[in-house]
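Trainee: Could you take me through this model step by step, with the general idea before each case?

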Amino acid sequence: MESQARTAKADPQEELAARLRLLQELSGLGVRALARDTGLSSSSLSRYLNGQTVPPWPAVVALCRFVKRDPRPLRPLWERTSNPLPAPPRSSRQVRPLPRNDLPRDVPDFTGREAQLAAVLAAVDSHRVVSVDGMAGVGKTCLAVHAAHRLAADFPDAQLYVDLHGFTEGRPPLDPDSALRMLLGALDVPSEKVPQEGIEQLAACWRSELARRRVVVVLDNAADADQIRPLLPGAGPSVALITSRNRLLGLDEVPPVSLDVLSPQESAELLARASGDPVGPEGRLARDPESAAEVLRLCGHLPLALRLAAARLRHRPGWTVGILVERMAQGVSEFDAAFSAAFAMSVRQLNRSQARLFRMLGLLPGESFDEYVVAALADVPLRSAQAMLEDLLDAHLVQQPTVGRYRLHDLVHQHARRATAEQDSADERERALGRVLDYYVHAAAAADAAMPFVSPGRAASAGPPPAELPRFPDKNAAFAWLVTEYANVIAAFETAAAVGADVHVCELPRFLRAYFARRCGTTHLNVLFERSLAAAERLGDPLRLAEAHSDLGFARYNAGRMAEAAAAYDAAALRLSETGDARAEAELAMRRGCLSWDAGHVEEPLELFRLAGKLYEQAGCPTGAADAAASEAWAMLQLGHREEAAQRAREVLGIPHTDPAWPPALTARITLGVAIAREEPDEAAEHLRHALAVARDDGHLHNQAWCLNCLGVALRQMGRYEEALAAHREAFALLDELFEEHWKIHFLNGYAETCRLAGLTEEALRLHRQALELAPRLGNRYEEVLAHEGIATVLDRTDPAEAAEHRAAAQAVLRELRPGA
């Protein structure tokens, strides 16, 4: 065993597991018996001993105390295991990550509830879904999570947990749309596969994913049946455990298990176990049974209140139970004050800084948080925030669902909100909330700056930046932060809108553009920018208003709403004339160039890209200037100026940069690959395959589809039709996953032309007709012309009359676009 421990030292997690196995040997018990006697789940203990899961610190303490060993020497090893060095970014060629496990910790002092637990497990066996209902604080979540841990071994694909906030003070219940997106994200379902609109489509996608996996899902704190119904699994083995303060009468197919308060015997047992009171007559509870009974009464036999009271006894060995009763009784006068009594008593044990922080936590938007936002909230150094959070964690006033993330139980959150309203001035609460909103704007801006986008935007100006922000060494770390914090960022946006913080409402969506580009969330981005524009109008600042119109136009363009995009860009241009801001004018010129090309104009886009380049240079923005030059090369290529396009693209590729996914380089490589396909086929293929590899590594599906389509075009020009068709088909397979049909308009005609030259005339005709149907609806006149001309070419031999009609239609569109040409 000693050699085993020495071997494990190369890996802190395996070393910790080896040390825990030594403790098991000292106990002389098997896994099940040891789990039972220490109050742990046997399945969890098995994972701890095998090194599959890092145990929570209380579990390590429980094992050490059981064999009468001091746990403190294990603390440094446990901390190294719980906070490993950041792993390098995972490439597409690496192994898949371990299945997701979001379940909160299974409490080691789970007490009673044998009949209810058996009923929950029986309902899961028979119906694959069960609803646990009861009053607040009665232990619904504890029972559901305990049952989920018991089931985890039989559902290895994922163990998920989501708080639906059905009864969370200060925020509405989580809508089914958001809940489904969170759950699908937890299953690592690529966002491009997730439908953008329609709760029915989202629910169908969720059921489809569950049908081919074995997943256990805890849906906690449901408001009503309507909120839950779209989240239920369909066919397949996966199961769901629901908790709610209401009986979900609308779900006839879901068997209910109702919880009442604990019995006096169960309450006494839980109080003893949670407080660590010795069993037998020497224990404090046994020596003063009357005071112990009063504690149970003041707690209302509710598990949450009992655990908070027990924490005071556990951490105050000098207290008698009578002192605990005195502290709890202060200010208690109503039935539901059992919760407030326990909370207030716990808060009174904190020092002034800790108590202030606890109260301020009630102001946080969102449901979970980290130490950075807490430091900003309390206006304290990060180290101080970390230390105080640990104190609140020990006092059971804060929960830690995962390492580095914290949350408040909804009842504790209510108490904190009431406490800050009663004890802190309105000015202090307003300043604290302002610091939180400032933090989210500046943190989102830092994450956005670490992710490559078309051109860097202006720095955040919504309040002073906090003393410490999360560090983003690369785009992967930035994207991971945005994924984790997205719900909180949106909650901050909603809070800013509610309190009239219009500068924050204007700025937050701007720093989510790169995130949304990877998440394909054009629908939500449009909504955010609509509200951002309204805030800018209230502020009346010409530059903010111009940027808001421009951003809304950008969102409209990406959603395929071309006429609305043009109107927004016109409004932006009108206001930019008042500002003279070269960077904003350059960004607008770039966006109008893309829109102009899609509208069927030829010379105007090239002029706009050249104008953007000059303006970016004036603004001292070399990345923007390079992106404008790359777009200029692309426009030249579309006009048929192949040599000039290739030369301009090579100039862009010669600009030094460090990011392989630098947007100007990607555009330049694609342009160069298509431009030289006939003359230099090997070099062309190398550029295009390089661009494709970069897009794949970057995880940007739109760019991957663009690269594949252009590779198909280049291979067609080389006469390699089968390879070209394979590239086009792969591009369209990606587009089918995006659930945004308007993106196909950029690729349909090119794919059709490859099909025609490969002898697939019927397929070519079908694709051209699909483009012709889509182009007018999107306002893309250029692709409309190409579709008419493509159909005419296909029909020249078989139906000359219809071919002539399409050529005439193409000429009519061209005359409309270029009168006098």
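Trainee: In what order do the strands of the open sheet stand, and is the pairing parallel or antiparallel?

Mentor: Strands of a sheet pair through backbone hydrogen bonds, either parallel or antiparallel. In this predicted model, 5 strands make up an open sheet whose order is E2-E3-E4-E1-E5, and the pairing is parallel. Strand E2 (158–163) and strand E5 (256–258) are at the edges with a single partner strand each, so one side of each has no neighbour in the sheet. On average, and ignoring direction, neighbouring strands of this sheet are turned by 15° against each other.

Trainee: How many bridges join strand E1 to E5?

Mentor: Strand E1 (residues 129–133) and E5 run parallel and are joined by 3 bridges; within this pair, Val132 has Val257 of E5 as its bridge partner.

Trainee: Which helices pack on this sheet, and which strands does each one meet?

Mentor: Helix H8 (residues 140–151) lies across E1, E2, strand E3 (215–222) and strand E4 (239–244), and runs at about 170° to E4. Helix H9 (residues 176–186) also packs on the sheet, where it touches E2 and E3, and its direction makes about 155° with that of E2.

Trainee: Where can I find strands that pair in the antiparallel sense?

Mentor: Look at strand E6 (residues 399–402) and strand E7 (residues 405–407), which pair in that sense over 2 bridges, with Thr402 opposite Arg405 of E7. The two strands form a hairpin with 2 residues between them, and Gly404 in the turn has a positive phi of about 85°.

Trainee: Now for helix pairs: at what angle do the axes of H33 and H34 cross, and what does the angle say about their directions?

Mentor: An angle over 145 degrees counts as roughly antiparallel. The axes of helix H33 (residues 663–675) and H34 come within 8 Å and cross at roughly 150°, and the two helices are therefore roughly antiparallel to each other. Their crossing is left-handed. Among the residues that make the contact are Leu666, Ile670 and Val674 of H33 and Ala684, Leu688 and Ala691 of H34; by class, the contact divides into 8 nonpolar, 3 polar and 2 charged residues.

Trainee: How do H34 and H35 cross?

Mentor: Helix H34 (residues 681–698) and helix H35 (residues 701–717) have axes that come within 8 Å and cross at roughly 165°, which makes H34 roughly antiparallel to H35. This crossing, too, is left-handed. The contact includes Leu692 and Ala695 of H34 together with Cys707 and Leu711 of H35, and its residues comprise 10 nonpolar, 2 polar and 2 charged.

Trainee: Which helices are roughly perpendicular to each other?

Mentor: Helix H18 (residues 352–361) and helix H20 (residues 382–394) have axes that come within 10 Å and cross at roughly 80°, so H18 and H20 are roughly perpendicular. Here Ser353, Gln354, Leu357, Phe358 and Leu361 in H18 meet Met388, Asp391 and Leu392 in H20.

Trainee: Where does pLDDT stay under 50?

Mentor: Where pLDDT is low, the predicted coordinates should not be read in detail. The mean pLDDT of the protein is 85, and 91% of its residues reach 70 or more, but over residues 85–96 the pLDDT stays under 50, and the model has 5 contacts beyond four places in sequence for this stretch. Residues 332–336 are also below 50. Among the elements, helix H1 (residues 2–7) has the lowest mean pLDDT (40), while helix H19 (residues 371–378) has the highest (96).

How values were computed:
Residues numbered from 1 in each chain as written. Predicted model: local features only at pLDDT ≥ 70, side-chain atom pairs only at ≥ 80, totals over all residues. Heavy atoms only, no water. Pairing = 2+ DSSP bridges. Helix = DSSP H or I, 4+ residues; strand = E, 2+ residues; numbered from the N terminus. Axes fitted to C-alpha atoms, helices over the stretch in contact; angles between N-to-C directions. Contact = heavy atoms within 4.5 Å. Parallel < 35°, antiparallel > 145°, perpendicular 65-115°, else oblique. Left-handed = near helix turned anticlockwise from the far one by under 90°. Nonpolar A, V, L, I, M, F, W, Y, C, P; charged D, E, K, R; others polar. pLDDT = per-residue confidence, 0-100.
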